[in-house]
Amino acid sequence: MAVYQAGNEFYYRQRHRIQHQMNERIYVGLTRYQWVNGQFATTYLLSVQVLSGKDLPQDLTYDRIPRSKYVVFTYIGGFHARNLTIKHLEQMWKCIENRRDSYHQSQPFHFEVINEDHVTEEYCEVEIYKLPEKKVE
């Protein structure tokens, strides 16, 4: 299942099972990086912000993101966020990677946030938080 299909499945059919959500209209996609057997690998976690990790369904886990300053990139599209494709994501990442000269990533993760309050059939915003970032001197 493609990332955007999995995100839609989670957001529209699964997230209602999670108690203590901070805002039921916000989707968070958390990506963690790691080296496995000398190979770079990523893990994408379909997520929502919660006030507490208590009472989660048994098939879900709780993860904590540290408070920090982040470099935030905003992608704006002329379509609903549920129609994001791998091609859109690749465009976002290409733009972000072109800015690598001004910062470097200090932790092995990033996340994106989609707020349904900022989405219509003809408009979407995806905020990508490169976490936490250190400015290159």
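Helices (H or I, at least four residues) and strands (E, at least two) are DSSP runs, numbered from the N terminus. By that numbering, His 80 lies in the loop between strand 3 and helix 2 (86–97). The structure is a predicted model, in which local features need pLDDT of at least 70 and side-chain atom pairs count only at pLDDT 80 or more, while totals for chains, interfaces and linings use all residues. Residues are numbered from 1 along each chain as its sequence is written, and side-chain values use heavy atoms, with hydrogens and water left out.

- A residue is called buried under 20% relative accessible area, exposed over 50%, and partly exposed in between (1.4 Å probe, protein chains only).
- His 80 counts as buried because its relative accessibility is 5%.
- A polar contact is a pair of N or O atoms within 3.5 Å; within protein, one must be able to donate a hydrogen and the other to accept it, and residues adjacent in sequence count only if both atoms are side-chain atoms.
- The side chain of His 80 reaches the backbone nitrogen of Arg 82 at 3.0 Å.
- Contact means heavy atoms within 4.5 Å. Leaving out residues up to four places away in sequence, His 80 touches Tyr 12, Glu 116, Val 119, Thr 120, Glu 121, Tyr 123 and Cys 124.
- Tyr 11 is placed in helix 1, and it is buried because its relative accessible area is 7%.
- A polar atom of the Tyr 11 side chain lies 3.4 Å from the backbone oxygen of Arg 25.
- With residues up to four places away in sequence not counted, Tyr 11 touches Glu 24, Arg 25, Ile 26, Tyr 27 and Glu 116.
- Tyr 11 and Val 113 are 102 residues apart along the chain, and their C-alpha atoms are separated by 12 Å.
- Phe 10 is also found in helix 1 and is buried, with a relative accessible area of 7%.
- Among the residues that Phe 10 touches, not counting those up to four places away in sequence, are Ile 18, Tyr 27, Leu 46 and Val 48.

**Salt bridges**

- A salt bridge is a side-chain nitrogen of Lys or Arg within 4 Å of a carboxyl oxygen of Asp or Glu. By this rule the count comes to five.
- In one of them, Arg 13 pairs with Glu 9, and the closest N and O atoms are 3.2 Å apart. The two are separated by about one helical turn because they are four residues apart in helix 1 (residues 3–14). Glu 9 is partly exposed, at 27% relative accessibility.
- Another joins the side chains of Arg 17 and Asp 59, at 3.1 Å from N to O. This pair links distant parts of the chain, 42 residues apart: Arg 17 is in the loop between helix 1 and strand 1 (26–36), and Asp 59 is in the loop between strand 2 (39–47) and strand 3 (71–77). Arg 17 is partly exposed at 30%, whereas Asp 59 is exposed at 55%.
- Asp 117 forms a salt bridge with Arg 25, with 2.6 Å between the closest N and O atoms. Here too the pair links distant parts of the chain, 92 residues apart: Asp 117 is in the loop between strand 4 (103–115) and strand 5 (124–135), and Arg 25 is in the loop between helix 1 and strand 1. Arg 25 is partly exposed, with a relative accessible area of 37%.

**Positive phi angles**

- Asn 37 has a positive phi of about 50° although it is not a glycine. Asn 37 lies in the loop between strand 1 and strand 2 and counts as exposed, at 78% relative accessibility.
- Asp 55, a residue other than glycine, has a positive phi near 65°. Asp 55 is in the loop between strand 2 and strand 3 and is partly exposed, with a relative accessible area of 42%.
- Phe 10 and Asp 55 are 45 residues apart in sequence and 18 Å apart in space, C-alpha to C-alpha.
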